[in-house]
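Here is a short briefing to read beside the sequence and the 3D view.

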Amino acid sequence: MTDLWQSAMDHGVAVARTAGKVVREALRDDRKVMTKSSSVDLVTQTDQQVEQLIIQSVKEKFPTHRFIGEESVAAGEPCVLTDEPTWIIDPIDGTTNFVHSFPFVAISIGFSVKKQMEFGVVYSCLEDKMYTARRGRGAFCNGEPLQVSQQQDIGQSIIATEFGSNRDPEVVDKIFTSLRSVLSIPVHGVRGAGTAAINMCLVASGCVEAYYEIGMHVWDLAAGSLIISEAGGVVLDVEGGPADLMSRRILAANNRTIADRLVEEIVSFSPVRDDAPPPVEAPSKQ
Ligand code: IPD
Ligand code: CA
């Protein structure tokens with residue numbers, strides 16, 4: 001099996017590179033923007049095209065493998081993680097960045113077997129940085145080993161977070177309450193690249209101590225979570241318990257000390273899980 005997963009990872013890296021080229025070329029043209037759950041939850045034809053490209057290419061080589069892909073789920077495919085080998089794909093992480101040519105856009109591909117991540121690939125395609133990790137074998141950027149920051153003092157740290165696309169006033173209030181508390185620790189700074197996957201790679205690279213968010217999805221996190229843990233960091237729930245990639249809550253940090261300090265400041269809430277059954281529609285009145 002070991003070699004099989006290595007050949008799957010090699011394929012993941014190759015297809016992510018091809019996908020990155022498609023994304024870079026698409027940036028030269030006008031982008032037709034569509035919306036999904038709200039007017040600020042964006043999608044383009046490139047997101048859909050890249051997801052199809054990745055899935056088709058993987059299917060040809062690994063016909064029995066399963067997929068969870070952002071745009072397939074948006075089109076009605078189930079979002080269920082089984083024990084089977086499963087590719088968890090975000091064809092463009094940072095779609096809003098892509099639409100605005102803000103220069104952080106990633107292709108994120110995680111691979112899970114028996115609900116455990118075996119490898120993760122995040123290709124930051126405008127920076128041409130290929131982040132990779134394989135379980136038990138370390139994390140790398142363009143082949144160079146990654147190591148999280150050794151910082152233990154939250155007051156000397158940079159924290160990454162995002163605002164997501166939920167503009168429900170109650171949710172926005174909670175996000176800002178957390179942000180105010182974290183800033184007021186005080187930390188050196190708060191940053192956000194506009195993509196969960198790249199934020200996680202920045203933690204793995206050691207230039208950001210932690211990343212937290214509530215509201216992103218399993219395809220934003222799957223690859224990056226392994227890249228952080230293989231770089232020596234911790235991946236947890238925002239309340240400090242074990243991470244659950246379907247829960248849409250994440251706190252990833254360089255170490256437990258920094259993570260525990262952030263747990264004290266984050267106001268937690270629980271969005272609808274990625275693997276929740278679709279809502280049953282009420283019968284229409286005659
Ligand atoms: C989004 C990005 C963003 C995060 C959102 C995600 P998308 O993914 O990762 O940084 O705040 O929660 O949904 O829509 O660009 O793939
Ligand atoms: Ca996406």
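Predicted model: local features only at pLDDT ≥ 70, side-chain atom pairs only at ≥ 80, totals over all residues.

Residues are numbered from 1 along each chain as its sequence is written, chains are lettered from A and ligands numbered from 1 in the order in which they are written, and side-chain values use heavy atoms, with hydrogens and water left out.

**Aromatic pairs**

- The whole structure holds 7 aromatic pairs. Rings of Phe, Tyr and Trp (its six-membered ring) pair if their centres lie within 6.5 Å; planes under 30 degrees apart count as stacked, over 60 as edge-to-face and the rest as tilted.
- W5 and F111 make an edge-to-face pair, because their planes stand at 65° with ring centres 5.2 Å apart.
- This pair links distant parts of the chain: W5 sits in helix α1 (residues 2-26) and F111 in strand β5 (residues 106-113), 106 residues apart. Helices (H or I, at least four residues) and strands (E, at least two) are DSSP runs, numbered from the N terminus.
- W5 and F111 are both buried.
- One aromatic cluster is formed by W5, F62, W87, F111 and F119.

**Charges over rings**

- A charge sits over a ring if NZ of Lys or CZ of Arg is within 6 Å of the ring centre and within 35 degrees of the ring normal.
- R17 places its charged end over the ring of Y123, 5.7 Å from the centre.
- R31 lies over the face of F98, with 5.5 Å to the ring centre.

**Calcium site**

- Which protein donors does the calcium ion (ligand 2) have? They are E70 (OE), D90 (OD), D90 (OD) and I92 (O), at 2.1 to 3.1 Å from the ion.
- Donors are N, O and S atoms within 2.8 Å of the metal (3.2 Å for Na, K and Ca); water is not among the atoms, so sites may look incomplete.
- The donor residues follow the sequence spacing E-x19-D-x1-I.
- D90 is buried, at 0% relative accessibility. I92 is buried too, with a relative accessible area of 1%.

**Helix α2**

- Helix α2 (residues 45-61) has 17 residues. From first C-alpha to last, α2 reaches 25 Å, close to the 24 Å expected at 1.5 Å a residue. The expected span is 1.5 Å times one less than the number of residues.
- The buried residues of α2 are T46, D47, V50, E51, I54, I55 and V58.
- Those buried residues fall within an arc of 160° seen down the axis of α2, so they line one face of the helix. The arc is that of the directions from the helix axis to the C-beta atoms.

**Salt bridges**

- How many salt bridges does a search of the whole structure find? The search finds 14. A salt bridge is a side-chain nitrogen of Lys or Arg within 4 Å of a carboxyl oxygen of Asp or Glu.
- K115 and D83 meet in one of them, at 3.1 Å from N to O. K115 lies in the loop between β5 and β6 (116-124) and D83 in the loop between α3 (70-74) and β4 (86-93), so the pair ties together parts that are 32 residues apart in sequence.
- K115 is exposed, at 52% relative accessible area. D83 is partly exposed, at 42%.
- E127 and K129 form a salt bridge at 3.8 Å, N to O. E127 is partly exposed at 30% relative accessibility, and K129 is partly exposed at 31%.
- E264 and R261 form a salt bridge at 3.2 Å, N to O. E264 is exposed, with a relative accessible area of 59%. R261 counts as partly exposed, at 24%.
- A network of salt bridges links K36, E70 and E71.

**Two further positions**

- H65 is in the loop between α2 and β3 (66-69). Is H65 buried or exposed? H65 is buried, with a relative accessible area of 8%.
- H65 and K36 are 29 residues apart in sequence and 27 Å apart in space, C-alpha to C-alpha.
- I158 belongs to strand β10 (residues 158-161). I158 is partly exposed, at 22% relative accessibility.
- I158 and D93 are 65 residues apart in sequence and 22 Å apart in space, C-alpha to C-alpha.

Technical notes. Buried < 20%, exposed > 50% of the residue type's maximum accessible area, 1.4 Å probe, protein only.
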